[in-house]
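Subject: Structure handover

Hello,

Here is the structure I said I would pass on. My notes on it follow below.

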Amino acid sequence: MTEVNQPDKAARRRHGKTDAIDAEAAARAVLSGRATATAKTGDGPVEMLRLFKLAKGSAIKSRTQAINQLKRVLVSADAELRESLAGLSNPKLFKQCAELTDSGLPRPAGAARHTLRLLARRIQHLTQEISDLNTRITEAIKASTPGLLDVNGVGPDSAAALLIAAGDNPERLDSEASFAALCGTSPVEASSGKTQRRRLNRGGDRQANAALSRIVLSRLSWEAPSQDYVRRRIAEGKTRREIIRCLKRYVAREIYRLIAPTNTAADAMGPTRGAA
C-alpha cells in the first residue's frame, strides 16, 4: 500500500476538488513514481495504543469538565453545605460529595446536593477508567517496543505518541532522518546574509513533536549531561530555542534506534543529516 500526500495546490485551484479528481490525482502520483512512501498499517500493538489513547483523551476531557461543573455548583450552593466542604483536597472533596444524601426538599438546596453527588460519582468513575487505560497503554508499549519506557524522560503518553507516529510498520521509515522529519524535528535552513542558522521544521506530526519537547524539558530539569550541553552551546552563542531544537533532534535519533532496530545498522552507515 502506498501513501499519497496532499495533491498539488495549484492543480487543485485549476481543476477544483471532487472525490473523482482526488482519486485520479492519487493514481497519477503512484504511477509516475512521485508517491513512494509506504502507508502505516493498523494491525498491531500500536493500533491498540492509538485506540486506548483516544479513549483516555476523551475521558480526561470529560473528567475535567465534570470537575469544573462540580466546583461551579459548589460555589452557588447553600452556605451550610459549602462550609462543610471547604478546605478539602480534590480527592476528599469528590469522596464527600459522592456520599451526600438527598435532603428530600424540592428546593435548589436539594437539587444542588443531588447534582454534586452525580458529578462526584462521574468523576470517580472516569478516574478509574483513566487508570485502567494507563495500565493498558503501558502494557501495549512494552509489547511493542521493550525498553522504550526505560529511556530518560520518556513516559507512557510520550512513548505512545511517538509509536503512533511511526505506526505498526516502522521499517517503512528509511532512516532516522526520515523519522525526525516525521516528528517535525528536522532542521530547516533559515540563514540570511552573514547569519547562518537553522530553525525547527514546523511540519510533521505535532503530537510526536510535543512528546519530544516534553522529553527534552524533563531532561533539562534533572539530567546533568543535558544541562552541561545547554551551558556549552550558550557559550558558543546559540539561543535556548536553537539548543532545544538540537536536543529534540538527538532524542528523535535515540528513540528511532528503539522503534526501528532493523533499520539502525543500515542507517548508522549512512550520513547523518541536520543534527547540529
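Leu-81 is found in helix H4, which covers residues 79-84. This is a predicted model, so everything here is computed from predicted coordinates. Because its relative accessibility is 3%, under the 20% cut-off, Leu-81 counts as buried. Leaving aside residues up to four places away in sequence, Leu-81 touches Leu-100, Arg-113 and Leu-116. Leu-81 and Ala-112 are 31 residues apart in sequence, and their C-alpha atoms lie 9.3 Å apart in space.

The chain as a whole

The protein chain has 12 helices and 2 strands. Read from the N terminus on, the order of elements is α-α-α-α-α-α-α-α-β-β-α-α-α-α. Of the 276 residues in the protein chain, 35% are buried. Among contacts with a separation of 6 or more, 64% are between residues 24 or more positions apart.

The nonpolar cores

In soluble globular proteins, nonpolar side chains tend to be buried together. In this model, the largest nonpolar core has 38 residues. Leu-49, Ile-141, Leu-162, Phe-179 and Ile-255 are the residues with the most contacts inside this core. The elements that give two or more residues to the core are helix H3 (45-75), helix H6 (108-144), H7, helix H8 (176-182), H9, helix H10 (224-235) and helix H11 (240-259). H11 gives the most, with 9 residues. Apart from this core lies another one, of 17 residues, and Leu-85, Leu-119, Ala-120 and Ile-123 are among them.

Helices H7 and H9

Helix H7 (residues 156-166) packs with helix H9 (residues 206-222) at an angle of about 145 degrees, and the two axes are 8 Å apart. The crossing of H7 and H9 is left-handed. On the H7 side, the contact is made by Asp-157, Ser-158, Ala-161, Leu-162 and Ala-165. H9 takes part through Gln-207, Ala-208, Ala-211, Leu-212, Arg-214 and Ile-215. Sorted by class, the contact has 7 nonpolar, 2 polar and 2 charged residues. Leu-162 of H7 is part of this contact and is also listed with the residues that have the most contacts inside the largest nonpolar core.

The loop between H6 and H7

Thr-145 has its place in the loop between H6 and H7. Is Thr-145 buried or exposed? Thr-145 counts as buried, because its relative accessibility of 5% is under 20%. Leu-163, Leu-258 and Ile-259 are the residues Thr-145 touches, again not counting residues up to four places away in sequence.

Asn-134

Asn-134 lies in helix H6. With a relative accessible area of 29%, Asn-134 falls between the 20% and 50% cut-offs and is therefore partly exposed. Asn-134 and Lys-53 are 81 residues apart in sequence, while the distance in space is 8.6 Å, C-alpha to C-alpha.

Cysteines

How many disulfides does a search of the whole structure find? The search finds 0. Cys-97 is buried, with a relative accessible area of 0%. Cys-183 is buried as well, and its relative accessible area is also 0%.

Regards

Technical notes:
Residues are numbered from 1 along each chain as its sequence is written. This is a predicted model: local features need pLDDT of at least 70, side-chain atom pairs count only at pLDDT 80 or more; totals for chains, interfaces and linings use all residues. Side-chain values use heavy atoms; hydrogens and water are left out. Axes are lines fitted to C-alpha atoms, for helices over the stretch in contact, and angles run from 0 to 180 degrees between N-to-C directions. Helices (H or I, at least four residues) and strands (E, at least two) are DSSP runs, numbered from the N terminus. A crossing is left-handed if the near helix is turned anticlockwise from the far one by less than a right angle, and right-handed if clockwise. Contact means heavy atoms within 4.5 Å. Ala, Val, Leu, Ile, Met, Phe, Trp, Tyr, Cys and Pro count as nonpolar, Asp, Glu, Lys and Arg as charged, and the others, Gly among them, as polar. A nonpolar core is a set of buried Ala, Val, Leu, Ile, Met, Phe, Trp, Tyr and Cys residues joined through side-chain atoms within 4.5 Å. Buried means under 20% relative accessible area, exposed over 50%, partly exposed in between (1.4 Å probe, protein chains only). A disulfide is a pair of cysteine sulfur atoms within 2.5 Å.
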